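Okay, everyone, thanks for coming. Let me put the sequence and the structure up on the screen, and then I'll walk you through what's there.

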Amino acid sequence: MPKTFVTVIIPTYNDWDSLSLCLDALSVQTYPSEQFEIIVVNNKPGSLPSAAFRAPDNCVVIDEAKPGSYASRNAGIRIAKGEIIAFTDSDCIPDKNWLTEGVGYMLSNPQVGRIAGRIDLFYRSPKLVNVELYEKIYAFNQELYVKNDSTAVTANIFTYKSSFDKAGLFNENLMSGGDYEWSVRAQKAGIPIHYVDTAIVNHPARYHMDELVTKAKRVGGGQAKFSADGKDSIIKTITRFIYDLRPPVKSIQLINSRGKDLSLMQKITVFQLRYYLSIVTAYEKFLVRKGKTPSRV
């Protein structure tokens, strides 16, 4: 493999314990350590890791005061030295071959400007709680994202640094959905994306209901900012809210296809959760369109 220098960018927000596991995984990559740098962007300046925290020699930690993971990623992009930039999150554990597989695919396929890697969930025990069942169906289906609309989530993407010259940086005004929004711009800028099943990061499934609710609110706020930026009339805002309250009937097909090993009662539970969370998202979207500031948590 040609010696291509790579930058790994990881935003973090008061998540030092999970970050330590992520950095441990990056310290044993099969890709040569002298050929990549790690930029951790601390989005809560003033928060400090424990005395036991250790970063690899090829890692730097910088601060970014502007709230949001997309502002943090932009801060990392601005100082990145790599020709290729790989993104993951502080609670992810990359496979030891993650960089080798991702970079190798890009170099072997020069027509590809972005790749979305696989994201495998791991669970607390073999018997999944309801929230984990929901995650099993809905979380991080990168292959589907790429197939449907040429998008991907930043828990596992690779691209060239030059892509940001063509498509621009992430939208720092978004608390959620910025990876989707950037992906749309990248596609319009002529930067093709492929899904790479062998470039793997592992991600913990959410376990508590409040984690799903928090995400649903963040997604709702992000969708509102992305779609209308608070400029809709009150009539249009109410109309959209009513439309967003419709049952997610289309999700039944996805539940059946991704949950073939689930019982009928488990599938019904997942559908009920989907409907409830869609209402949470719709209400948050409604509030943000009325002028509420989107939340990051």
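So, where is Ile235 found? Ile235 is in helix H9, residues 234-244. Quick note on names: helices (H or I, at least four residues) and strands (E, at least two) are DSSP runs, numbered from the N terminus.

Before going on, some ground rules. This is a predicted model, where local features need pLDDT of at least 70 and side-chain atom pairs count only at pLDDT 80 or more, while totals for chains, interfaces and linings use all residues. Residues are numbered from 1 along each chain as its sequence is written, and side-chain values use heavy atoms, with hydrogens and water left out.

Back to Ile235. It counts as exposed because its relative accessibility is 59%; buried means under 20% relative accessible area, exposed over 50%, and partly exposed in between, using a 1.4 Å probe and protein chains only. Ile234, Ile235, Ile238 and Ile242 make a nonpolar surface patch of about 390 Å². Patch residues have over 30% relative accessible area and no salt bridge, with like charges joined within 9 Å and nonpolar side chains (Val, Leu, Ile, Met, Phe, Trp, Tyr) within 5 Å. The areas come from the Shrake-Rupley method with a 1.4 Å probe, and for residues only the protein chains shown count as cover. In general, an α-helix has 3.6 residues a turn, so residues three or four places apart point the same way.

Next, the sheet. It's an open one of eight strands, in the order S3-S2-S1-S4-S7-S6-S8-S5, with mixed pairing. S3 (59-63) and S5 (93-94) stand at the edges with a single partner strand each, so one side of each has no neighbour in the sheet. Two strands pair if DSSP finds at least two bridges between them. S1 and S2 are parallel, with seven bridges, and Val6 has Phe36 in S2 as its bridge partner.

Now for the inside. The largest nonpolar core has 35 residues, and Val8, Ile10 and Trp98 are among those with the most contacts inside it. A core here is a set of buried Ala, Val, Leu, Ile, Met, Phe, Trp, Tyr and Cys residues joined through side-chain atoms within 4.5 Å. Elements supplying at least two residues each include strand S1 (6-12), helix H1 (16-26) and strand S8 (193-204). H1 gives the largest share, five residues. Leaving aside neighbours within four places in sequence, Ile10 is in contact (heavy atoms within 4.5 Å) with residues including Leu19, Leu23, Ile38 and Asp89.

Asp89 and Arg73 form one, at 3.0 Å from N to O. That pair links distant parts of the chain, with Asp89 in the loop between S4 and S5 and Arg73 in helix H2 (residues 69-79), 16 residues apart. Asp89 counts as buried at 17% relative accessibility, and so does Arg73, at 4%.

Glu172 forms another with Arg78, where the closest N and O atoms are 3.2 Å apart. Here 94 residues separate the partners. Lys66, Arg78 and Glu172 are linked in a salt-bridge network.

Last one: which residue does Glu135 form a salt bridge with? Arg206, with the closest N and O atoms 3.2 Å apart. Both Glu135 and Arg206 are buried. That's my tour, thanks!

Methods:
Salt bridge = Lys/Arg side-chain N within 4 Å of Asp/Glu carboxyl O.
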